[in-house]
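This report describes a single protein chain through its secondary structure, its surface and a selection of side-chain contacts. The sequence and the structure come first, and the description follows.

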Amino acid sequence: MTTRTGLSQAEPAEPAERPSGLRSWLREHSELGVCVLLLALGVLVLTDALTMDVDLTQRGPVGPKTVPVVVGVGLLVIAALLAVDVLRGGRGQAETGEDIDLSEPADWRTVLLLTGVFLGAAVLIEPAGFPVAGALLFWGAAFTLGSRRADRDPLIAAVLSLATYAVFNNLLGVPLPGGPLMGVL
């Protein structure tokens, strides 16, 4: 191929052969899985909202169906727009986080320890109350994620838990179980 200046340029190389078939097409358009998930979630939300039994005399101008219908329609619109973008060749950006090495395997020990901490807090919330269970949750999560400050972490966990309890229970009016500390708090 020659340009206006008469200099010859190399011909573009032929693209490498790609495996054909449905499997390779799906691999190239894997973001469609997110579209299917959003579509299913939108249909579920809309179905639940539209089959909700609401008495017209018990609701105001904006009833309990309004927000779920808006969210469901929004999910369907986003699913459709994302599908159009993917089918036109749009691709999600690759992860560019500095501290993430995608070639390393997952740290299953940390995941399992955090799961245990969350389950332990869920089991303890009724008998021990939120302040105790929350403090154990905050301290256990900090310990599992690598903090080893035994002088500071339990204190911070207790303050966070008590502050969370006070905000939800006293300011927002969301009753949380106080446990043995119910009379004190």
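The sections below go from the overall fold to individual residues.

## Basis of the model

The model is predicted, and for that reason local features are reported only at pLDDT of at least 70 and side-chain atom pairs only at pLDDT 80 or more, while totals for chains, interfaces and linings use all residues. Residues are numbered from 1 along each chain as its sequence is written, and side-chain values rest on heavy atoms, with hydrogens and water left out.

## Overall architecture

The protein has six helices and zero strands, and from the N terminus on its elements run α-α-α-α-α-α. Here helices (H or I, at least four residues) and strands (E, at least two) are DSSP runs, numbered from the N terminus.

Of the 185 residues of the protein, 21% count as buried, where buried means under 20% relative accessible area, exposed means over 50%, and partly exposed lies in between (1.4 Å probe, protein chains only). The protein exposes about 14,100 Å², of which carbon and sulfur atoms supply 66%; these areas come from the Shrake-Rupley method with a 1.4 Å probe, and for residues only the protein chains shown count as cover. Among contacts (heavy atoms within 4.5 Å) between residues at least 6 apart in sequence, 57% join residues at least 24 apart.

## The nonpolar surface patch

Leu124, Val132, Leu136, Trp139 and Phe143 form a nonpolar patch on the surface, with about 400 Å² of accessible area together. Patches are made of residues with over 30% relative accessible area and no salt bridge, with like charges joined within 9 Å and nonpolar side chains (Val, Leu, Ile, Met, Phe, Trp, Tyr) within 5 Å. Helix H5, which spans residues 130-144, gives the most to the patch, with four residues.

Val132 has its place in helix H5 and counts as partly exposed at 32% relative accessibility. Leu136 is likewise placed in helix H5 and, with a relative accessibility of 43%, is partly exposed. When residues up to four places away in sequence are not counted, Leu136 touches Val117 and Leu124. The C-alpha atoms of Leu136 and Ala157 are 7.2 Å apart in space, although these two residues are 21 residues apart in sequence.

Phe130 lies in helix H5 and counts as buried, at 15% relative accessibility. Residues up to four places away in sequence aside, Phe130 touches Ile125, Ala135, Ser161, Thr164, Tyr165, Leu176 and Pro177.

Thr110 belongs to helix H4, which covers residues 108-128, and Thr110 is buried, with a relative accessible area of 15%. With residues up to four places away in sequence again not counted, Thr110 touches Thr144 and Leu145. Ala122 is also found in helix H4, but Ala122 counts as exposed, at 52% relative accessibility. The C-alpha atoms of Ala122 and Leu137, which are 15 residues apart along the chain, are separated by 9.0 Å.

## Charged and aromatic side chains

Side chains of opposite charge can pair when their charged atoms come close. The structure holds two salt bridges, a salt bridge being a side-chain nitrogen of Lys or Arg within 4 Å of a carboxyl oxygen of Asp or Glu. In one of them the side chains of Arg149 and Asp151 meet at 3.2 Å, N to O; Arg149 is partly exposed at 39% relative accessibility, whereas Asp151 is exposed, with a relative accessible area of 57%. Asp153 forms a salt bridge with Arg152, the closest N and O atoms being 3.5 Å apart. Asp153 is buried, with a relative accessible area of 8%, while Arg152 counts as partly exposed at 35%.

The charged end of Arg148 sits over the ring of Phe143, 3.9 Å from its centre. A charge sits over a ring if NZ of Lys or CZ of Arg is within 6 Å of the ring centre and within 35 degrees of the ring normal. Phe143 is also one of the residues of the nonpolar patch.
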